[in-house]
Amino acid sequence: MMFIVMSFLVGLGVLFVEILDTFQSSRAMASLLQSVCTGLVFGTGMFATIVIKKVGEGHVTTVGGLLAGIGCVGSAFAPSLPVLIFTVGVVTGCGLCTFTVVPYTVTGLMFNKRRNLVFVIVSIGPGLGGFIAPFLNTALIDVFGWRGAFLVLSGLMFQACPIGMLLTVLSKDIQRDKELKAKTKIAYNDIREDNMVVTNLQDTTQMESSSVAYDNVTFVDEYGKSNSSQEEHNGQITSTLQISNTEECKQDSSISEMKDTKQKKESFIESLHLGLFKDFAFIVLGMCLFILMSLLPSINFFFVDMVMSRGFDAQTGSYLLSLIGLSSLAGRFLYLFVRPMVKVSQVTVFATMCMLLSASLLPLVWANTYPTLVAAVVSYGVPLGSCSVAYPTLMYAIAGPKRYASAVGYCETICGLGAFLGGPIAGTVKDTTNSYDGVVLTAMAAMAACGVAFYIVAIRQRCSQHLNKETVSTHL
């Protein structure tokens, strides 16, 4: 699913040049095609998370695939640029918005062990999409034109429908398995008081590790016969206590039963986990994502046009854009192998990735020949891929398992707000200065600032852990 999203968004950079020539519009106006689509894909993540909790991942994915496919079909017949912005940006963007949330929420639901490894594997999908999309769209344009390319891409979008159906079945099975596991961890103790039987739910580990002294207690087996010891029936120990005497015992057991059997349902406000916005680390993450998403996607979207402005043709720009995807994929695998060897916090790792990505942007400004462009693209793509794959595990480390789904929605919404602004700003800079160097240099400074901010978060967390250890040792 992430492959579908990123292949479509990255592929728009190749289609952008053809659309620009067809409608003869300004770059600032044509960039709305990318900014509206990317903004909705990421910006509606918070609402997508709420809908997913109510409806389920499978149904949402199926509907999203239908919307995205219909949007691509409509784009093939768009008579004007505003109509194309609506079909690609609004319709397809709304359909793809769930694709960025579902993979990570499903990962948190299905995997308890090696979750970080699964996050890395899921994050490889965007790298593959970024590598294949420029080649695919260039070939489709050569054969069918950009309108025919949208028709072919609609078939790719419709493939999400069977994926959604499969997720519907799997999510039900997983939920059923979790309920069965929860039941197996509970032992039922029947407490018979006179003529009333009260069921007391107690964890088996607590039963085995604790010994309680009772006065006036008679053990009764399942046939009602008294026994001075607990008897084992079918491999399970069934302890049935017959308690006589005081009314206090009856009240205590009734209260215990009500507390144990009553299931507390999470309210709507609690499910939003608004406490995330009181977490300093999450606030820093949100601010950095807003800055990054307003700049980095614009570089990839305008990259083909950037290369053409330096005297190369569109096909060369497409190949170099694919090289960004390939080097990004290499960066993701590099992170997969190197991360287990680095014994530092995830916040520190992400801060280092931001600093490396900032430094890698500078060669894009200087490169004017084909060999230097290739070197600049590779040096930019590798840290970009590593940073992308480190992001979901960083978010999980900050939010925790219970708040992770909400954190994904909030972060995607923040990314969308940044993406709404990035495209028109970059297009305006190009139309005004006839160069994209200002956009690249601004992104470079923003990445360095984000790296410094996350280093500050890492230092705060380190100091907090040190203070907690000192507090515990003082109490002991």
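This is a predicted model: local features need pLDDT of at least 70, side-chain atom pairs count only at pLDDT 80 or more; totals for chains, interfaces and linings use all residues.
**Helix α1**

Select residues 2-23, which form helix α1. At 1.5 Å a residue, these 22 residues should span 32 Å, and the separation of 30 Å between the end C-alpha atoms therefore agrees with expectation. Centre the view on V14, where α1 bends by about 40°. Colouring by accessibility will show that α1 is mostly covered, with 16 of its 22 residues buried.

**Residue S154**

Next, select residues 115-158, helix α8, and within this helix pick S154. Is S154 buried or exposed? Its relative accessibility is 5%, and because the cut-off for buried is under 20%, S154 counts as buried. Display the side chain of S154: one of its polar atoms lies 2.4 Å from the backbone oxygen of L151.

**The largest cavity**

How many cavities of 30 Å³ or more does the structure hold? There are three, and the largest cavity contains about 800 Å³ of space. To find this cavity, select M6, F42, M293, L384 and S388, which lie nearest its centre among the 33 residues that line it. Then select residues 314-338, helix α16, which supplies the largest share of the lining, five residues.

Key
Residues are numbered from 1 along each chain as its sequence is written. Side-chain values use heavy atoms; hydrogens and water are left out. Helices (H or I, at least four residues) and strands (E, at least two) are DSSP runs, numbered from the N terminus. The expected span of a helix is 1.5 Å times one less than its number of residues. The bend at a residue is the angle between axes fitted to the seven residues ending there and the seven starting there. Buried means under 20% relative accessible area, exposed over 50%, partly exposed in between (1.4 Å probe, protein chains only). A polar contact is a pair of N or O atoms within 3.5 Å; within protein, one must be able to donate a hydrogen and the other to accept it, and residues adjacent in sequence count only if both atoms are side-chain atoms. On a 1 Å grid over the protein atoms alone, a cavity is a set of points where a 1.4 Å probe fits but cannot get out, and a pocket is an open set with protein on both sides within 12 Å along at least five of seven lines; lining residues have an atom within 4 Å of a point. Grid points are joined across faces, edges and corners, and a volume is the space filled by probe spheres set on the points.
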